[in-house]
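These are my notebook entries on one protein model. I set down what I looked up, entry by entry.

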Amino acid sequence: MLGFFIDDNAEDRTRISRLLSQHGMMIDDQFEPVEPMKLRDALLEKAPCIVALDFRLDDENLEENNYKAGALAQILRESLLERPELDFPIILVSTEENIKRIFSIDKTSHDLFDQKYMKGRLSDRGYRAECHRQMRGLAKGYKDIAACLLGQGGAASLLALSVDEFETMPLHGFAIDVLNADSVTHVVARLVLRQLIERPGPLLSPRDISARLGIENEPNQVSAAVEKLVALGMGYSGVFSDGWTRLWRHRLEAWADREIGSPLTSIKGADRAKVISKALGLDLKPAVSKWSNSSDELFAFACTVCGSPSERRNSLSLYDKYLLPYAEKKRVCFDCYVRGELDRSPHLAIDQSDLEIAADVVAGRIAR
């Protein structure tokens, strides 16, 4: 597979291309940001598997680079509507400052990029391995989506579900949204990524799973638990599953009902960790509330900010204008809120319904 990284800084273009390259996927650095239409034609001629863009394509004093990544991504997306067989993922690879201070404000361009990654973190092997895995998942996922749309497999086929199982799923509106995408691969990709892969709901990420199991969100033990649950048939194998590990919530809940006889979130964390440890043949440490410092809490979700298992009574709901019927509402734990972590995430805000509770937490009227 061949992809491209475009940056107006030649040194960065070469270095980042090398870091993004991996076995089976070469990221080429041959293109600098020339006149957009000329660059578009050159890229489409190469039929890339993925294109990565730096956000500031106008920093260096080049002749024709008077535009940013969003403008180029928009031109590419519009051209791919006319040549759907060439559709490919577009990712943003830029500095943390540009992503947080500029890109986060430019909301009009957010939907143009499938994912965003920090240049400064690519030297970290763990972060780079995650980026590589997700890039492979994106490239394969686009091909999978195109094949499903061409074969008229519908929403069930995208998610690797039988029609019967899909019809029992709490996915009200998803099939209609797929149909309304008019067989445009990148529109379907955005729907699956934003509404299923990146937020808890029908699918659960490893940190969501740790909260449901009531165990500490420690990578090694969560990975061990997830591996066992996948082996028991709960794993997601649909579009983008190569890049993101997810479990089906309804399968996890059905398993818990059979093994435990009670909903997972109705059992205190310490007790839940014990029964899950026995059921999976593992020695799992229970989660500890960051607010009460106790494991005897009804952990139900992962805090949107810190990712730790959190409980409803010690958390606040976040405003979410894109909340669909099958998605779970985002929440932030009291601990993150009082420590000002939301200030570092300007795209997050407390929902109006919980503003009074937030004020009580800050004023100390709700004590630890």
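I count two residues as being in contact when heavy atoms of theirs lie within 4.5 Å. I also note at the outset that the model is predicted.

**Entry on Gly243**

I applied this contact rule to Gly243. Leaving aside neighbours within four places in sequence, I found Gly243 in contact with Arg133, Gln134 and Gly137. I located Gly243 in the loop between helix 11 and strand 7. Is Gly243 buried or exposed? Its relative accessible area is 2%, and the limit for buried is under 20%, so I recorded Gly243 as buried.

**Entry on helix 11**

Which residues of helix 11 are buried? I listed Gln221, Val222, Ala225, Val226, Leu229 and Met234. These residues lie on the same side of helix 11, because they cover an arc of only 130° around the axis. I recalled the general rule here: an α-helix has 3.6 residues a turn, so residues three or four places apart point the same way. On the face turned away from the buried side, I noted the exposed residues Pro219, Asn220, Glu227 and Ala231. What covers the buried residues of helix 11? The cover includes helix 10, strand 7 (247–248), helix 12 (249–259) and helix 13 (269–280).

**Entry on Gln221**

I then examined one member of helix 11, Gln221. Gln221 has a relative accessible area of 10% and is therefore buried. Leaving aside neighbours within four places in sequence, I found Gln221 in contact with Ile215, Glu216, Asp283, Leu284 and Lys285. The side chain of Gln221 reaches the backbone nitrogen of Lys285 at 2.8 Å. Gln221 and Asp283 are 62 residues apart along the chain, and I noted 8.4 Å between their C-alpha atoms.

**Entry on Ser205**

I found Ser205 in the loop between strand 6 (203–204) and helix 10 (206–213). Ser205 is buried, with a relative accessible area of 10%. Its side chain makes a polar contact of 2.8 Å with the side chain of Asp208. Not counting residues up to four places away in sequence, Ser205 touches Thr245 and Arg246.

**Entry on helix 5 and helix 9**

I looked up how these two helices pack. Helix 5 (residues 125–150) and helix 9 (residues 185–197) pack at an angle of about 115°, and their axes are 10 Å apart. I recorded the crossing of helix 5 and helix 9 as right-handed. Which residues make the contact? Helix 5 contributes Leu138, Tyr142, Ile145, Ala146 and Leu149, while helix 9 contributes Thr185, His186, Val188, Ala189 and Leu193.

**Entry on Ser317**

Last, I looked up Ser317, which lies in strand 10 (residues 315–317). Ser317 is buried, with a relative accessible area of 4%. Not counting residues up to four places away in sequence, Ser317 touches Lys329, Lys330, Arg331, Ile350, Asp351, Ser353 and Asp354.

Definitions and conventions:
Residues are numbered from 1 along each chain as its sequence is written. This is a predicted model: local features need pLDDT of at least 70, side-chain atom pairs count only at pLDDT 80 or more; totals for chains, interfaces and linings use all residues. Side-chain values use heavy atoms; hydrogens and water are left out. Helices (H or I, at least four residues) and strands (E, at least two) are DSSP runs, numbered from the N terminus. Buried means under 20% relative accessible area, exposed over 50%, partly exposed in between (1.4 Å probe, protein chains only). A polar contact is a pair of N or O atoms within 3.5 Å; within protein, one must be able to donate a hydrogen and the other to accept it, and residues adjacent in sequence count only if both atoms are side-chain atoms. The arc is that of the directions from the helix axis to the C-beta atoms. Axes are lines fitted to C-alpha atoms, for helices over the stretch in contact, and angles run from 0 to 180 degrees between N-to-C directions. A crossing is left-handed if the near helix is turned anticlockwise from the far one by less than a right angle, and right-handed if clockwise.
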